[in-house]
Structures are given as structure tokens and as C-alpha cells.
Amino acid sequence: MDFIQNIRQKYNGLTAKQRAITDYLMTHPEDACYASLKEISVRTHSSEVSVLRTCSALGFDGYAQLKEAFRRHWRPAGQGSLPLPGMASFAEADEQVRVLGQIGYDESAALTQFLNSIDPEELFEEARDLLRADEVVIFGHDVSKVFADYFFHRLTFLRIQASSVLVGDGSTTQSILGRLRQGDHAIFLSFPPYYLPVGGAARLAAQQGAKVTVITDSASSPAVFESCRCFLCSTSTRFFYNSHTLVAVLINLIASCAAMEMGPRFDEIVREERAMENFMQDTAGTVR
């Protein structure tokens, strides 16, 4: 069985702590390949016993076997160490350039892992739900609101009735949650440092009858609950709380699936957009 498929198959049977450890390993493949058992326990805020139990739950006879599986998956036979982007002579670079190269590598490795692990059918099912929804409401807090707005613009282009809401604007959030009904679709973005009210808002949306999707970094995120659809995007980075590269990629993938599901209607939208753009340009030229 493929390495990723094996992890995915066993994931739902893990405890919350084991899922958190697995999330870390899958989003930090360099650590999974080379870090010691003690280092992994420290970085995942777990005991060494918990890490070993996670290895067993994933089907490995100890941490050494798990590390070897990661090395085989991320370093195919015949390859040496992973290349670092834009670095002709990484060993001779100064410290800042080395760190910059490592940041680039972290982003590249996370994107590769993400694309290898994501389920295309789940993306298309999300896209179909968005197309069927009476209204789509996207909730975000802090920097996540930027990506809620980005998602909103992607859906608006597809003529999907959508809105973007800042969680934390109490009266607005409550009134919008109060109007959600069966047939609506609510999307919640939640990343560290978590804004805990997002979890309560997501559960309330489900109680109102809306379908709920959560986009977050870990299955142990406070926004995740049993009946939601959850997409995991690693956001750990060396300098900031979050790198949202994978969030933008996920939004583009879901929007692309929706466009494909629309068929000829999407082509009509593109023609309409181009016609409006040409009209506005011609009008501007006439005014001048």
C-alpha cells in the first residue's frame, strides 16, 4: 500500500494526541526523516511513549521503522539530500541565506506533501456542495479573514452567492449565524494562535442546519467537530505563527473543481467577464 494511503487509512482510528503527532510528522517530513525520538516528543509536546504508540497505531514496529518509511517516501532511491531552492552552493552560504533556503525548502516540502495527501473526490464534493448551496458564508479571524475574502472573490467570480464575515464582530457574526438554514454552507478558517469563538460559531452553524467546512492546520483544532468536513493545511513556519501558502492553494483547487463541475456555464462566465472588461476599457478610452 502507498505510504500516504496507509497513513490516511489509519488516521481516523487514532486518538486526538496521535493525530496531532501524525499531523506534525506529515507536515515536517525533514524532522520525520532525521529528528530523534526525543526531539519529536519535544516538538509535538508529547511524551516519547505517546510518539511510540503513534508509530504502532500507524503500523510501524517502532520509531526507527517509521523514520525509514519517511526517508523512502521523500527521498526516492538514487537521490541524495533534497535540493534547496536557488542555492548553487548552500554549504558556503552565510547564515541568513541558509535560513532563507531552509524556509523555501519547508514551503516546497509542505506543498509536495499536501498535494500527495489530498483526496481529489473530497475537493470535488466540496465544490459540488458550494454550487448547490443557497448561500455560502466564509468566516475568518485576524489574518484568516484575508483568505476568507480571497475565497469570497473566487466564488463570486463563479456567480456563487457568497459573503465573508469577520468572526469577532459580535453583532454581525451572531446575526449572520442566526439566519443560516438548511441549504446554506458555512466555511470556517482557523489557525494558530486559535481564536476560540470560531469553534462555537462553527458548531452553531451546524445546529442551524448549514453544512460546515473547516479549514485548519490540525485535526485537534478547536474548530473541528465530528460532523464537519475538514481540510488540513500545514501552516508552521520558522518566523511567523502561520504560512498560509497551502490555504491559498486549497482555495484555488476547490474553486477550480467548481469551475470544472460547471462545464459550459464556466466558459460563459469567462466570456461575460471579458466582454465587461472590454466595454469598460472602451468606455474609459472614449471619456479621455
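I187 stands opposite T213 in β4, within a predicted model in which local features need pLDDT of at least 70, side-chain atom pairs count only at pLDDT 80 or more, and totals for chains, interfaces and linings use all residues. Residues are numbered from 1 along each chain as its sequence is written, and side-chain values use heavy atoms, with hydrogens and water left out. Strands (E, at least two residues) and helices (H or I, at least four) are DSSP runs numbered from the N terminus; two strands pair if DSSP finds at least two bridges between them.

**Strands β3 and β4**
- Six bridges pair β3 with β4 in the parallel sense.
- From β3 the chain passes through α11 to β4 in a right-handed β-α-β crossover (clockwise from the first strand over the helix to the second, with the strands pointing away from the viewer).
- Helix α11 (residues 197-207) lies across β3 (185-190) and β4 (211-216), at about 165 degrees to β3 (axes are lines fitted to C-alpha atoms, for helices over the stretch in contact, with angles from 0 to 180 degrees between N-to-C directions; contact means heavy atoms within 4.5 Å).
- Because five of its six residues are buried, β4 is largely enclosed by the rest of the structure (buried means under 20% relative accessible area, with a 1.4 Å probe and protein chains only).

**The whole sheet**
- The open sheet has five strands, paired in parallel in the order β2-β1-β3-β4-β5.
- β2 (162-166) and β5 (229-232) are the edge strands, each with a single partner, so one side of each lacks a neighbour in the sheet.
- From one strand to the next, the twist averages 20 degrees.

**Pairing towards the edges**
- β1 (residues 136-140) runs parallel to β2, joined by five bridges, and F139 stands opposite V165 in β2.
- β4 and β5 run parallel and are joined by four bridges; R229 in β5 is the bridge partner of T213.

How values were computed. Buried means under 20% relative accessible area, exposed over 50%, partly exposed in between (1.4 Å probe, protein chains only).
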